[in-house]
Amino acid sequence: MQKLIFIFLLSLMASIPSYASETYGLKGSYEVEINILGSDQASIKKGMLEGLKYLVLNISGSSDDLDKGKLKKLLKDPQQFVTEYRLEIDKDKNLKAYYSFEGDSIRQLLIANGLPLWVGKKPKILVFFPCLLQDNLALSLEEKLQNTCKDTVTSLKLKAFQRMAAIGFPSLDFIDLNLFDLLLPLSPEQFMNKISKRYNYEDWIYCSNKDEFGMEKVIYNCFSSITPKNLEVLDLSFNNLIDSIKQRSKLLIDDQVRSNIFINLEGINSHKILQQALLELEQQIIVKKVSLTGIKDNKVKILLNISGTKSDFIKMAAASSNFSKNPSYKIKDSLNFIYKVSL
């Protein structure tokens, strides 16, 4: 069975991962690595399909988009979206294909099929498995992962990588263990809310293979920050959590809906910075026209014609590190930003 092969670090320490500055859903190009069975055209094309499915899943941000009828038909010809590919054999004699995809063509595919674009930051999720504490509490977290829950934790890390999410584990130090002893028997939800605040995570997932009587089961059931009262199997719970997080930063672009909005930009200190700001606005996928309407000191006023609504533009601007909301500059009926860019 052909599988996506991903290169990732199995980080076992409780740390906040670093994130790429470029928003994944808006990248200019993508390269996807796939393990393929042979160098024949059938195997190469099958790898293209797996790569395209991976991109549709992550650029749209939804786990169910591949079930769309019209999209399934387009996925039958993945070659039209591949700009180039190369084959390599790794040190273990596995044949790998590296496929390059042009970002705009994938986004247009999604838009044409009524699918959203995910323009948010990479989700970060705190994960806790009580099975990590089952054996010797003096063991390191890495050593605990050698027990029976190792495969489940490793599988979850792969799922997280596939869904463009970063997961972290608590360090299980003295403070964590005190919270565990104090809160977990009474309320796992309270325990996760407390510990997630300690590690600065907004979202979390808790998975256990024990029933209410403490008996071990084969299946891990989980609840999360979005379903604190409902137990679900691991795959379903994790996918629902990722879908919910990414829903906050999705754009559903409809070219039939047009809006005119005014924005005020502060931080425009030179003609060069002004040109950069205007160019960046013009390149936004929902922006159709940019008109400079006023300049005063280091502030400019701009009229934008966009596909969608004002809230869609706010989501788009939030994806850029160069635009930040300006709370001190308030003008009615306008959006106010500070523009910062490294020259």
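Trainee: Which residues make the nonpolar surface patch of about 390 Å²?
Mentor: Val-218, Ile-219, Val-233 and Leu-236 make that patch. Keep in mind that this is a predicted model.

Trainee: Where does Val-218 lie, and is Val-218 buried or exposed?
Mentor: Val-218 lies in strand β8, which covers residues 216–224. Its relative accessible area is 81%, so Val-218 is exposed.

Trainee: On to the inside. How many residues are in the largest nonpolar core, and which have the most contacts there?
Mentor: The largest nonpolar core has 56 residues, and Ile-263, Leu-265, Leu-304 and Phe-313 have the most contacts inside it. Helix α1, residues 41–60, gives the largest share of this core, with seven residues. Another core, of 35 residues, lies apart from it; Val-153, Ala-160, Phe-191 and Met-192 are among its members.

Trainee: What does Leu-265 touch, leaving out residues up to four places away in sequence?
Mentor: With those left out, Leu-265 touches Ala-277, Asn-298, Lys-299, Val-300, Ile-302, Phe-323, Phe-337 and Tyr-339.

Trainee: Next is helix α9. Is Leu-274 in that helix buried or exposed?
Mentor: Leu-274 has 9% relative accessibility, so Leu-274 counts as buried. Not counting residues up to four places away in sequence, Leu-274 touches Ile-268, Leu-292, Ile-295 and Val-300. The C-alpha atoms of Leu-274 and Asn-298 are separated by 9.6 Å, and these two residues are 24 apart along the chain.

Trainee: Across the chain, what percentage of contacts between residues at least 6 apart in sequence join residues at least 24 apart?
Mentor: The figure is 66%.

Trainee: Back to helices. Where is Glu-280, and what is the nearest side chain of opposite charge?
Mentor: Glu-280 lies in helix α9, residues 271–282. The nearest side chain of opposite charge is that of Lys-121, 10 Å away. Glu-280 is buried yet has no salt bridge.

Trainee: Which residues is Glu-280 in contact with instead, neighbours within four places in sequence aside?
Mentor: Ser-320, Asn-322, Phe-323 and Tyr-339.

Trainee: Last topic, backbone angles. What is the phi of Lys-93?
Mentor: Lys-93 has a positive phi of about 70°, although Lys-93 is not a glycine. Its place is in the loop between β2 (82–89) and β3 (95–102). Relative accessibility is 72% there, so Lys-93 counts as exposed.

Trainee: And what is the phi of Asp-297?
Mentor: Asp-297 has a positive phi of about 55° and is not a glycine. The loop that holds Asp-297 is between β12 (287–296) and β13 (299–307).

Trainee: Is Asp-297 buried or exposed?
Mentor: At 68% relative accessibility, Asp-297 counts as exposed.

How values were computed:
Residues are numbered from 1 along each chain as its sequence is written. This is a predicted model: local features need pLDDT of at least 70, side-chain atom pairs count only at pLDDT 80 or more; totals for chains, interfaces and linings use all residues. Side-chain values use heavy atoms; hydrogens and water are left out. Patches are made of residues with over 30% relative accessible area and no salt bridge: like charges are joined within 9 Å, nonpolar side chains (Val, Leu, Ile, Met, Phe, Trp, Tyr) within 5 Å. Accessible areas come from the Shrake-Rupley method with a 1.4 Å probe; for residues, only the protein chains shown count as cover. A salt bridge is a side-chain nitrogen of Lys or Arg within 4 Å of a carboxyl oxygen of Asp or Glu. Helices (H or I, at least four residues) and strands (E, at least two) are DSSP runs, numbered from the N terminus. Buried means under 20% relative accessible area, exposed over 50%, partly exposed in between (1.4 Å probe, protein chains only). Lys and Arg count as positive and Asp and Glu as negative; His and the chain ends are not counted. Contact means heavy atoms within 4.5 Å. A nonpolar core is a set of buried Ala, Val, Leu, Ile, Met, Phe, Trp, Tyr and Cys residues joined through side-chain atoms within 4.5 Å.
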